[in-house]
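Subject: Handing over the structure we talked about

Hi there,

Here is the structure I promised to pass on. Please have it open while you read, and my notes follow below.

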Amino acid sequence: MSIHLDIDHVSIEFDTPKGKFKALDSVNLKIAKGEFVSLIGHSGCGKSTVLNIVAGLLKATQGGIVLDGKEVDEPGPERAVVFQNHSLLPWLTSYQNVELAVKQVFKGKKSKAEMKEWIEHNLKLVHMEHAMHKKPSEISGGMKQRVGIARALAMQPTVLLMDEPFGALDALTRSHLQDSLMEIQNTLHNTVIMITHDVDEAVLLSDRIVMMTNGPSATVGEILHVDLPRPRERLALADDPHYNHLRAEVLRFLHERHAKKDTPTRSGSEVKKASVSETKVSAENHPTEQKDQTASRVAA
Ligand SMILES: Nc1ncnc2c1ncn2[C@@H]1O[C@H](COP(=O)(O)OP(=O)(O)OP(=O)(O)O)[C@@H](O)[C@H]1O
Ligand SMILES: [Mg+2]
């Protein structure tokens, strides 16, 4: 495999009022061009931290990120991020939020009319054409998340970094967006790193699922290769024994980690975060409960 994105022995320590906190310890992951990698692991283990380091928003204390042979340690438009909580500018409409990113990337390369068409095209991909001139305060959480996805896609990034992009959406919207993401990736061959708590989503979308150990000093635990042929069809896969085997492997890992969750150095707030993930894992076979958990998590 030729390495496109190299997360090279990344460790990070945060300064906290109680001293240094080592969140990640030597996270090492080599990713090929066009590969779809999911990060899965308990709440608070360090998934968002890994993503933020790849995005250039946080600096590793040791190790670093190499993209196509070049070290990257600051943000760049070739690595677009869809954040865990949408990060739209509240004073701009959905259209203007996407426009800001498009201008940053395509200024001088696309005409005004081409930019308008491209912005509208990306908002249509996520079914937001009807509300493109509304501001974030006027649309729902799921809709804001969709605008965030449109904004990232509109930058035509080589690496798309997504932090629980579909977590706050209802099941039907989520499956539509998963399908469009698979289609988009099949056409554009973006490299994707996606964080998810949803085991089915991870298996359906990924080439590899990277399962992280619990923090502090979290690292890569196990890596599962998802060798299901593409295009993948969710309904057909529901009865596929291999799909169900892969799914069970991820669940097994999470449950084993869950049993090992108690670490003496956790602060009170981290214990609280972990307890939310406990319910999420145990709700895995009850989609409605899981959705409620997600909703309460987002509201928290
Ligand atoms: N700026 C910071 N300063 C101190 N500690 C931090 C900072 N950012 C993250 N942490 C700690 O690092 C650990 C990893 O956090 P991170 O947000 O990456 O977890 P996560 O796996 O994304 O969790 P979740 O699934 O809940 O989103 C947590 O213990 C968190 O409290
Ligand atoms: Mg996170």
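How many of the 5 residues of strand β9 (residues 208–212) are buried? The count is 4 of the 5, so β9 is largely enclosed by the rest of the structure. Please keep in mind throughout that this is a predicted model.

Before I go on with that strand, a quick overview. The protein has 300 residues, of which 39% count as buried. It contains 10 helices and 10 strands. If you take the contacts between residues at least 6 apart in sequence, 70% of them join residues at least 24 apart.

**The sheet**

β9 belongs to an open sheet of 6 strands, in the order β6-β7-β8-β3-β9-β10, and the pairing in this sheet is mixed. Its edge strands are β6 (79–82) and β10, each of which pairs on one side only. On average, neighbouring strands here are turned by 15 degrees against each other, with direction ignored.

Now for the partners of β9. On one hand there is strand β3 (residues 36–40), which runs parallel to β9 and is joined to it by 4 bridges. Within that pairing, I40 has M211 of β9 as its bridge partner. On the other hand there is strand β10 (residues 220–225), which pairs with β9 in the antiparallel sense over 5 bridges. There, M212 stands opposite V220 of β10.

What about strand β8 (residues 191–195): how many of its 5 residues are buried? The answer is 5 of the 5, so β8 too is largely enclosed by the rest of the structure. The side chains to look at are T191, I193 and I195, which point one way from β8, and V192 and M194, which point the other way; all are buried.

β8 also has two partners to look at. β3 runs parallel to β8, with 4 bridges joining them, and F36 stands opposite V192 in β8. Strand β7 (residues 159–163) pairs with β8 in the parallel sense as well, over 5 bridges. In that pairing, L161 has I193 of β8 as its bridge partner.

**Helix α2 and its neighbours**

The next thing I looked at was how the helices pack. At what angle do helix α2 (residues 94–106) and helix α4 (residues 141–154) cross? Their axes come within 8 Å and cross at roughly 25 degrees. Angles under 35 degrees count as roughly parallel, and α2 and α4 are therefore roughly parallel to each other. Their crossing is right-handed. From α2, the residues S94, N97, V98, A101 and V102 meet V147, A150, R151 and A154 of α4. By class, the residues of this contact divide into 6 nonpolar, 2 polar and 1 charged.

α2 also crosses helix α3 (residues 112–125), with axes that come within 10 Å at an angle of roughly 125 degrees. That makes α2 oblique to α3. This crossing is right-handed. Here S94, Y95, V98, E99, V102 and F106 in α2 meet M115, W118, I119, N122 and L123 in α3. The contact of α2 with α3 has 8 nonpolar, 2 polar and 1 charged residues.

If you put the two residue lists for α2 side by side, you will find S94, V98 and V102 in the contact with α4 and also in the contact with α3.

Finally, have a look at L254, which is found in helix α8 (residues 241–259). Is L254 buried or exposed? L254 has 21 C-beta neighbours inside 10 Å, and 20 or more are needed, so L254 counts as buried. L254 and G41 are 213 residues apart in sequence, yet their C-alpha atoms are 6.8 Å apart in space.

That is what I have for now.

Best wishes

How values were computed:
Residues numbered from 1 in each chain as written. Chains lettered and ligands numbered in written order. Predicted model: local features only at pLDDT ≥ 70, side-chain atom pairs only at ≥ 80, totals over all residues. Axes fitted to C-alpha atoms, helices over the stretch in contact; angles between N-to-C directions. Parallel < 35°, antiparallel > 145°, perpendicular 65-115°, else oblique. Left-handed = near helix turned anticlockwise from the far one by under 90°. Contact = placed C-beta atoms within 7 Å. Nonpolar A, V, L, I, M, F, W, Y, C, P; charged D, E, K, R; others polar. Buried ≥ 20, exposed ≤ 12 C-beta atoms within 10 Å, placed from the backbone. Pairing = 2+ DSSP bridges.
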